[in-house]
Amino acid sequence: MEIIDRYVYAVIQRVPQQQRVEIEKELRGLIEDMREDHASEGRTEEEIIEDVLNELGSPYELAAGYRGYKRYLIGPEWIESYLVVLKVVLFAITIGLSAVLAIDLFVDPFEGLDAFIGYFASLSSAYAQGFAWVTLIFLFIEYKGNKSGLKKLAGVKKEWKLEDLPSLPTEKTRIKRSQPIVAIIFTILVVMLFTFSAQYIGIIRLNDETTKVISFFSVDALQIYLPFMWILAAFSICKEGVKLVTGRWTKTIIVMQILFNIVWFLLALIMLKDQSLWNMTFLDELMQAGLVFFEGDMFQTSSEMWQHWTKILIYIVTIIVIIEIVVLAVKVYGMRNNKS
């Protein structure tokens, strides 16, 4: 029955991934045994199942019992999702800073000890900040969720009732666990790359003695936008964390995604239109490095194309954002049709 599937789903979403198959099998067996014990003449199957599930009680408390421990900094409704997001964030920080270290050593192999000292110092600081931000996000969900609607989003209420069970995700509304995890990792990698190695985003020329980097960006101008990029990254991690909690698309999550896309698009638009953000001597540096050769009108044409190529990027970003918003709107429309 669907109500049993919804109850089991609500339980196993909040237990460790490696225990879910075993717990689901055990829970279904328990429900079947209790159903037989409650069977009596004159009662429908639906009534019997409702009595059984009400007797089992809140699936969130039952999940805490299966875990065999209680941790209350983050409540039992959120602890497994919190741990998953925290592990992903710390893993992404490690990969991101390791990539920055590799780039630094590749460009300047003589940094050696200083690079490694800076790496471990940055790693410790980033771990602390990552732990703090993820914990604050989930504390907000835990203690302010009732007012903000985030707990309602996951079907969690103080006084649990059978009708509070979340609906089962369909194939179209299901969010694969890998999707928000990959999104979190990608977000952190991009932000760290722009924060610590923006000067290396460009053309790299290697020779026997030195390594020449011709950056696409003006690093000083980029510093102005870094706080906004970090704020947007924090919102993105929060959004992906909610996706991990629910495991399915809902109208609230879709609205969050659309708002994120709009804010991200506005920031990208401002950055792309800021000519000071780009290295306007890029072509000159390419010629000085002997990587390209322009003469007369060809150099003038190439220089003008470089100064105006951001318009092409604006069109590309606009098309991508519009397509994603249309796809999300179609999801909402499909969900409305399924309910009607």
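Among contacts in the protein chain between residues at least 6 apart in sequence, 74% link residues at least 24 apart. The model is a predicted one. Its protein chain contains 14 helices and two strands, and 44% of the 340 residues count as buried.

## Helix H10 and its packing against H11

Helix H10 spans residues 226–246. From its first C-alpha to its last, H10 reaches 30 Å over 21 residues, close to the 30 Å expected at 1.5 Å a residue. Of these 21 residues, 15 are buried, so that H10 is mostly covered.

The partner considered here is helix H11, residues 251–273: the axes of H10 and H11 come within 11 Å and cross at roughly 160°. H10 is therefore roughly antiparallel to H11, as angles over 145 degrees are classed in this way. The crossing of the two helices, H10 and H11, is left-handed.

On the H10 side, the contact is formed by Phe228, Met229, Leu232, Phe235, Ser236, Lys239, Glu240, Val242, Lys243 and Thr246. On the H11 side, these meet Ile253, Met256, Gln257, Phe260, Val263, Trp264, Leu267 and Met271. Sorted by class, the contact of H10 with H11 comprises 12 nonpolar, three polar and three charged residues.

## The end of H10 and lysine 176

Just after H10, glycine 247 adopts a positive phi of about 75°. The C-alpha atom of glycine 247 is separated by 6.9 Å from that of lysine 176, although the two residues are 71 apart along the chain.

Lysine 176 is located in the loop between helix H7 (150–153) and helix H8 (178–196). Its relative accessibility is 53%, and lysine 176 therefore counts as exposed, the cut-off being over 50%.

## Helix H8 against helix H5

The crossing of H5 and H8 is right-handed.

H5 contributes Val84, Val85, Val88, Val89, Phe91, Ala92, Ile93, Ile95, Gly96, Leu97, Val100 and Ile103 to the contact. From H8 come Ile181, Ile184, Ile185, Ile188, Leu189, Met192, Leu193 and Phe196. The contact of H5 with H8 has 19 nonpolar residues, one polar residue and no charged residue.

## Helices H1 and H3

Helix H1 (residues 2–12) and helix H3 (residues 45–56) have axes that come within 10 Å and cross at roughly 15°. H1 is therefore roughly parallel to H3, since angles under 35 degrees are classed in this way. The crossing of H1 and H3 is left-handed.

Ile3, Ile4 and Tyr7 of H1 make the contact with Ile49, Leu53 and Leu56 of H3. By class, the residues of the contact of H1 with H3 are six nonpolar, no polar and no charged.

## Phenylalanine 120 in helix H6

Phenylalanine 120 belongs to helix H6, residues 113–148. With a relative accessible area of 49%, phenylalanine 120 is partly exposed, because a residue counts as exposed at over 50% and as buried at under 20%. Phenylalanine 120 and serine 98 lie 22 residues apart in sequence, and their C-alpha atoms are 9.7 Å apart in space.

How values were computed. Residues numbered from 1 in each chain as written. Predicted model: local features only at pLDDT ≥ 70, side-chain atom pairs only at ≥ 80, totals over all residues. Heavy atoms only, no water. Axes fitted to C-alpha atoms, helices over the stretch in contact; angles between N-to-C directions. Helix = DSSP H or I, 4+ residues; strand = E, 2+ residues; numbered from the N terminus. Parallel < 35°, antiparallel > 145°, perpendicular 65-115°, else oblique. Left-handed = near helix turned anticlockwise from the far one by under 90°. Contact = heavy atoms within 4.5 Å. Nonpolar A, V, L, I, M, F, W, Y, C, P; charged D, E, K, R; others polar. Buried < 20%, exposed > 50% of the residue type's maximum accessible area, 1.4 Å probe, protein only. Expected span 1.5 Å × (residues − 1).
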